[in-house]
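Thanks for coming. I will go through one structure, starting with its overall layout and ending with a few single residues.

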Amino acid sequence: MGEVCEKNSKSWLSIVWRISNILMSVFFALATYVQINDPDAGLWMVGYGVPVVLCAFIGFRPHVTETLPWRRVADLHLMISSAVIFMLGWKLYTERVTQIFQQEEGREFSGLMLTAVWLLLCRHSGRAPVGILRVSTAVAITVFPFVAWIYYHVNKELRSKWPSHCKTAI
């Protein structure tokens with residue numbers, strides 16, 4: 001298993017996959033940092049901090065996804081995240097929220113959904129060389145949060161109704 005990844009570690013798909021994981025690790029680290037002002041910061045810092053470490057491992061050693069510790073931590077995070085995603089999604093649905101980025105629960109839902117989708121994308125990526133579909137999806141997902149964050153940072157009126165703890169971290 002490991003020799004398959006090492007043999008193709010120089011392919012451009014593998015390099016793009018590793019860079020995507022490092023960039024997502026950086027994004028999740030930024031998301032962890034901005035939780036400092038949140039009333040329930042500890043919970044969300046762990047929620048984003050675990051993917052920081054898991055993505056960083058993939059960025060430096062792609063075959064780590066086949067190790068038992070990585071899989072167990074990722075599976076546990078996905079299990080807990082899925083329950084929280086369901087609860088937040090249900091709350092947003094029952095309250096008929098349409099602009100989810102204007103509600104704190106919507107931003108929390110979106111961020112946690114992003115971590116879950118990314119970790120699912122990473123599952124078993126070290127088993128064989130990454131393909132074009134996985135890498136293309138990874139690039140699209142990697143670009144989206146950075147573009148969205150810059151967009152919201154530039155357009156201050158979009159953040160006007162956010163609570164004060166959401167406006168002061170960065």
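Along the sequence, the protein follows the pattern α-α-α-α-α-α-α. That comes to 7 helices and 0 strands. Helices (H or I, at least four residues) and strands (E, at least two) are DSSP runs, numbered from the N terminus.

Before the details, a word on the source. This is a predicted model, in which local features need pLDDT of at least 70 and side-chain atom pairs count only at pLDDT 80 or more, while totals for chains, interfaces and linings use all residues. Residues are numbered from 1 along each chain as its sequence is written, and side-chain values use heavy atoms, with hydrogens and water left out.

Now the protein as a whole. It has 170 residues, and buried residues make up 40% of them. Buried means under 20% relative accessible area, exposed means over 50%, and partly exposed is in between, with a 1.4 Å probe and protein chains only. Contact means heavy atoms within 4.5 Å. Taking the contacts between residues at least 6 apart in sequence, 70% join residues at least 24 apart.

Next, one pair of helices. Two packed helices are described by the angle between their axes and the distance between the axes. Helix α4, residues 68-94, packs against helix α5, residues 104-122, at an angle of about 145 degrees, and the axes are 9 Å apart. The axes are lines fitted to C-alpha atoms, for helices over the stretch in contact, and the angles run from 0 to 180 degrees between N-to-C directions. The crossing of α4 and α5 is left-handed. A crossing is left-handed if the near helix is turned anticlockwise from the far one by less than a right angle, and right-handed if clockwise.

Which residues make this contact? On α4 they include Trp70, His77, Leu78 and Ser81. On α5 they include Glu105, Phe109, Leu112 and Cys122. The residues of the contact divide into 13 nonpolar, 5 polar and 3 charged. Here Ala, Val, Leu, Ile, Met, Phe, Trp, Tyr, Cys and Pro count as nonpolar, Asp, Glu, Lys and Arg as charged, and the others, Gly among them, as polar.

Staying with α5, this helix has 19 residues and reaches 27 Å from its first C-alpha to its last, close to the 27 Å expected at 1.5 Å a residue. The expected span of a helix is 1.5 Å times one less than its number of residues. α5 is mostly covered, with 15 of its 19 residues buried.

After α5 comes His124, whose phi is positive, near 55 degrees. His124 is not a glycine, and it is found in the loop between α5 and α6, where α6 is residues 132-154. At 28% relative accessibility, His124 is partly exposed. Arg96 also has a positive phi of about 55 degrees without being a glycine. Arg96 is in the loop between α4 and α5, and is exposed, with a relative accessible area of 58%.

Turning to helix α3, residues 41-60: its 20 residues should span 28 Å at 1.5 Å a residue, and its end C-alpha atoms are 28 Å apart, which agrees. Its buried residues include Trp44, Tyr48, Leu54 and Cys55. Among what covers the buried residues of α3 are α2, α4 and α5.

How many disulfides does a search of the whole structure find? It finds 0. A disulfide is a pair of cysteine sulfur atoms within 2.5 Å. The sulfur of Cys55 has its closest cysteine sulfur in Cys122, 5.1 Å away, too far for a bond. Cys55 is buried at 0% relative accessible area, and Cys122 is buried at 0%.

Ile19 and Thr142 are 123 residues apart along the chain, and their C-alpha atoms are separated by 9.6 Å. Ile19 is in helix α2, residues 12-33, and is partly exposed at 46%. Thr142 lies in α6 and is buried at 4%. Beyond its neighbours within four places in sequence, Thr142 is in contact with Ser20, Leu23, Met24 and Trp118.

The second pair is Trp149 and Phe27, 122 residues apart along the chain, with C-alpha atoms separated by 9.8 Å. Trp149 lies in α6 and is partly exposed, with a relative accessible area of 27%.
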